[in-house]
Amino acid sequence: MKLSALGRIALATGIAVLTTAALPGTPATAAPVKKKILPVLVEFSDASFQFPEQVKASTPDTYFGAKKDSVSSFLSEVSRGQYTMVPAVKEKLIGPIKLDLTAGGCQHGEINKLTRAELTKRGLVEGKDYDSLSMVFPAQKTNCPWAGLATVPGGTTWINLYGTASGLDVVGHELGHNLGFAHQGRLMCTGGKLTACKSDGTSAKSIMGGGGWLSGFSAPELIRAGWLSGGTSLKVSKSGTYTLRPLHGTGSGTRALDIALGKDRLVIEYRHAAGNLDAKIEGVHAYRVPNGAYGSSSMIDTTTKNKTPSNGEAANTDAITTLTDKTNKVSVAVVSSGGGQARIKVALNGDSLSAIDAAPSKSATPTPSAATPTPTASASASTDTEAVTDDSEAATESGSEELTAAGGRSTTLPLAAGGGAAVLAAGAGFLLLKRRRRRA
Ligand SMILES: [Zn+2]
């Protein structure tokens, strides 16, 4: 039990709460996964939805709609069909159900317990009738310091709903936590020296790092989920020049380079507009993965500027050009980047970048059959690594002063019932929530 390690909001977008060391297994495989998700509308003894009919109409649309920004469309696109969410019941939602519970105090544990008791009464069994439970309740009286909360990893989400529709930016972010992803921060390594970095803000390259759903997930997260299997994430074991295709979108080719950096990993991706994603992100981006915990990576930014979804910076503002890690004897240089392809020199074991031929090495030929098959995707999401992931996530997410106010309250909250999930993380909606509060 690690309740003392309870969460501080790491990125001003959420809180994380480590509740128990019992980790549910979520082995990632290359086989397509279909998850049955059950949205349940929940009301309190002293608080109801202001417009229940509108909430009932919008919820199936948010989760299962044909629109590009529904939860199911998003997860299908970002996983390239390897992970889909389908309705657990034919009505596509349950409720509103009225709990014998007052709204105040943001009692997420009680909400979970009482909702599950009601589902059991109705004959719905977790693991058989549904895999993932998403409780949506009116926010007006809860005083929850978040717009969304989730188990990390796990199958439980709480949506503290303002208005009549929960958007993908909140729900998709919480489901990312369910997949085992922490918040994604940014390491500022000005000049490209990996031995001199400091934490600063969010990556804005993932829905887990303030990038919104239009950025999808980043390469380390896709590796964590097991979605870059079959050699599409290439473990680089020798110096050479490697070719990357865009991270998102259809087609074959290498989508990420995965390089040892002592005990950590350096993951490199090339971002370029594809499908509904990355219209505002371009260029080669790099991430540091602590101790093999691919769900807890930070973007490496060699500049002080940061491209966010809303600022006017160029799409490639925080793309890397060179990286050097003298301690681990790794250097990286982008040879070319743009138009849907990037070429990257990687020098290992202290090799000189200038000694490497700028023509792509054979091993990076962008055809999946020619690429070295790598078991890393599933290995990275094995139970062993999962424990590491969650531990490091808790460590990462503690200690930010900014989060104390919201996180402090959570220290008295009960454990999440069901599933023995390890961590709770509250979400993307934090800033959203603050904005809305100001408006209210
Ligand atoms: Zn979050």
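First, some ground rules. What you're looking at is a predicted model, where local features need pLDDT of at least 70, side-chain atom pairs count only at pLDDT 80 or more, and totals for chains, interfaces and linings use all residues. Residues are numbered from 1 along each chain as its sequence is written, and side-chain values use heavy atoms, with hydrogens and water left out.

**The overall picture**

The protein has 9 helices and 19 strands; these are DSSP runs numbered from the N terminus (helices are H or I with at least four residues, strands are E with at least two). Of its 440 residues, 56% count as buried. Buried here means under 20% relative accessible area, exposed means over 50%, and partly exposed is in between (1.4 Å probe, protein chains only). As for the accessible surface, the total is about 16800 Å², and 53% of that belongs to carbon and sulfur atoms. Those areas come from the Shrake-Rupley method with a 1.4 Å probe, and for residues only the protein chains shown count as cover. Look at contacts (heavy atoms within 4.5 Å), and you'll find that among those with a separation of 6 or more, 68% are between residues 24 or more positions apart.

The buried ones include Leu168, Val170, Glu174 and Asn178. His173 and His177 are on that buried list too, and both turn up at the metal: the zinc ion is coordinated by the NE2 atoms of His173, His177 and His183, at 2.0 to 2.1 Å. Along the sequence, these donor residues follow the spacing H-x3-H-x5-H. His173 sits in α4, while His183 comes 10 residues away, in the loop between α4 and β8 (185-188). Both His173 and His183 are buried. Donors are N, O and S atoms within 2.8 Å of the metal (3.2 Å for Na, K and Ca), and water is not among the atoms, so sites may look incomplete. Gly180, which follows α4, has a positive phi, near 100°.

**Back to the sheet**

Four strands make up an open sheet in the order β11-β18-β17-β16, with antiparallel pairing. The edges are β11 (240-244) and β16 (322-325); each has a single partner strand, so one side of each lacks a neighbour in the sheet. On average, neighbouring strands here are turned by 15° against each other, direction ignored, with axes fitted as lines to C-alpha atoms (for helices over the stretch in contact) and angles running from 0 to 180 degrees between N-to-C directions. β16 and β17 (residues 330-338) run antiparallel and are joined by 4 bridges; two strands pair if DSSP finds at least two bridges between them.

**Aromatic pairs**

Searching the whole structure turns up 8 aromatic pairs. Rings of Phe, Tyr and Trp (its six-membered ring) pair if their centres lie within 6.5 Å; planes under 30 degrees apart count as stacked, over 60 as edge-to-face and the rest as tilted. Here are two of the pairs:

| Pair | Centre to centre | Angle between planes | Type |
|---|---|---|---|
| Phe44 and Phe137 | 5.8 Å | 70° | edge-to-face |
| Phe217 and Trp227 | 6.3 Å | 40° | tilted |

Phe44 is in the loop between β2 (33-43) and α1 (52-64), and Phe137 is in strand β5 (residues 132-138), 93 residues apart. Phe44 is buried at a relative accessible area of 0%, and Phe137 is buried at 0% as well. Phe217 and Trp227 are both buried. They also belong to one aromatic cluster with Phe74, Tyr83, Phe181 and Trp213.

Two cis peptide bonds are worth a look. One joins Gly95 and Pro96, with omega about 5°, and Pro96 lies in strand β4 (residues 94-98). Another runs from Val152 to Pro153, with omega near -15°; Pro153 is in the loop between β6 (148-152) and β7 (156-161).

Arg80 has phi near 50° and is partly exposed, with a relative accessible area of 31%. Asp278 has phi of about 65° but is buried, at 1%; its place is the loop between β13 (264-271) and β14 (283-289).
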